[in-house]
Amino acid sequence: NGQATFDSILNGIATAQHYILIQFFIVHADDLGNRIKAALIERARAGVNVYFLYDKVGSVRLPRAYIADLRDAGVHVGVFRVGRGWLNRFRVNFRNHRKVIVVDGEKSWVGGHNIGDVYLGKSRRFKTWRDTHVMMAGPVTLAVQLSFVEDWHWACGRLPEVSWAPPPTVGAEPVLCIPTGPGDLVESCSLMIVQAINAATRRCWMFSPYFVPDVAVIKALQLAAMRGVDVRIVIPANPDKRVVWWAAHSYLSEVAVAGVRMYTYREGFMHQKVFLVDDALAGIGTANLDNRSLRINFEITMVFTEPTFLKKIEKMCLADLAVSDPLTTDDVYRCSFFFRLAIRAARLFSPIL
């Protein structure tokens, strides 16, 4: 969760000797945001090259003074703008939803958190914020770094000064980095999710704050459940985006008829993007189970296969399921007429949610 994640990130930033690459979709200029800013400024003044990339839409409320403080200290600042360039001027839906930090090409962090006090559970609306980040050390960091470098070049038209020397191998766990987005030749995020579901023989558990899948994902979930796989989808009980939450309920009858079970996480707000397939495959990253992540957003997912680490993910998933309630079609039928009407209306907007 947030405290452990940002303690790790701040400790990592403090150890940087050569460069820091930091990229987030949302950055708030609150207590945590200012702590991150201060840590980056300290390293920049110590001679470390710091590259700070944020999404213009996601961080629309970020004050100019915040950026000015970074630039005045020597931090390189880049902004991902929708519609950048003549050919892209009407593509207003693009978002860079990635959350990436790389330190010296040796350590990297990827996951669901953005920068802000809300991600520490410090909000009036959500007392608890459930999320998952992962820290990695070793050669896989170069793959995470490549994702950042491509985004930086797209946003700024130049390349950051980084090292491509392979860092020492820290452990024996194989890790795969999968950046996805609308710039790919195929819909890589949707294909990744569909392949993960199709690979399941015993279980397929998926945790996402937003469940607005495309037809291919729906059919893959149905087929998995029909061949006897334990398919579970966990979404929040308390939404941050009500229209998206309504739309998620509209898919319940489609998946439930095939045996897919849906749950609602009741302990605050669940924002993690995690999947676990059998005892063989797990993913942690930034991609939600919605059309925006599947084909519109730039996302990044880390995939793991090492048995010991998968056991840790299984333990985490079981703890989340223990505080989640089953969601059935009967639950929806018992809701008010206006709630059921809202579900149908929200479904109309599912392609862009």
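Helices, of at least four residues, and strands, of at least two, are DSSP runs numbered from the N terminus. All views show a predicted model.

**Figure 1. Overall fold of the chain.** The secondary structure consists of 12 helices and 19 strands. With a radius of gyration of 20 Å, close to the 20 Å given by the globule rule for 353 residues, the chain is as compact as a globular protein of that length. The C-alpha trace spans about 60 × 45 × 40 Å along its principal axes.

**Figure 2. Burial, contacts and surface of the chain.** Of the 353 residues, 57% count as buried. Contacts between residues at least 6 apart in sequence join residues at least 24 apart in 80% of cases. The chain exposes about 15600 Å², and 57% of this area comes from carbon and sulfur atoms.

**Figure 3. Close-up of the largest pocket.** The volume of this pocket is about 780 Å³. Its lining has 35 residues, and those nearest the centre are Phe-25, Ile-26, Tyr-119, Asp-240 and Lys-241. By class, the lining of the largest pocket holds 15 nonpolar, 10 polar and 10 charged residues.

**Figure 4. Close-up of the second largest pocket.** This pocket contains about 650 Å³ of space. It is lined by 29 residues, with Val-134, Met-135, Met-136, Glu-173 and Phe-309 closest to its centre. The lining of the second largest pocket comprises 17 nonpolar, eight polar and four charged residues.

**Figure 5. Elements lining the second largest pocket.** At least two lining residues come from each of helix H1 (2-14), strand S8 (133-137) and helix H10 (307-322). S8 gives the most to this lining, with five residues.

Key
Residues numbered from 1 in each chain as written. Predicted model: local features only at pLDDT ≥ 70, side-chain atom pairs only at ≥ 80, totals over all residues. Heavy atoms only, no water. 1 Å grid on protein atoms, 1.4 Å probe; cavity = no way out; pocket = protein on both sides within 12 Å on 5 of 7 lines; lining within 4 Å. Points joined across faces, edges and corners; volume = space filled by probe spheres on them. Nonpolar A, V, L, I, M, F, W, Y, C, P; charged D, E, K, R; others polar. Rg over C-alpha atoms; globule rule 2.2 N^0.38 Å. Buried < 20%, exposed > 50% of the residue type's maximum accessible area, 1.4 Å probe, protein only. Contact = heavy atoms within 4.5 Å. Areas by Shrake-Rupley, 256 points an atom, 1.4 Å probe, with all protein chains shown as cover.
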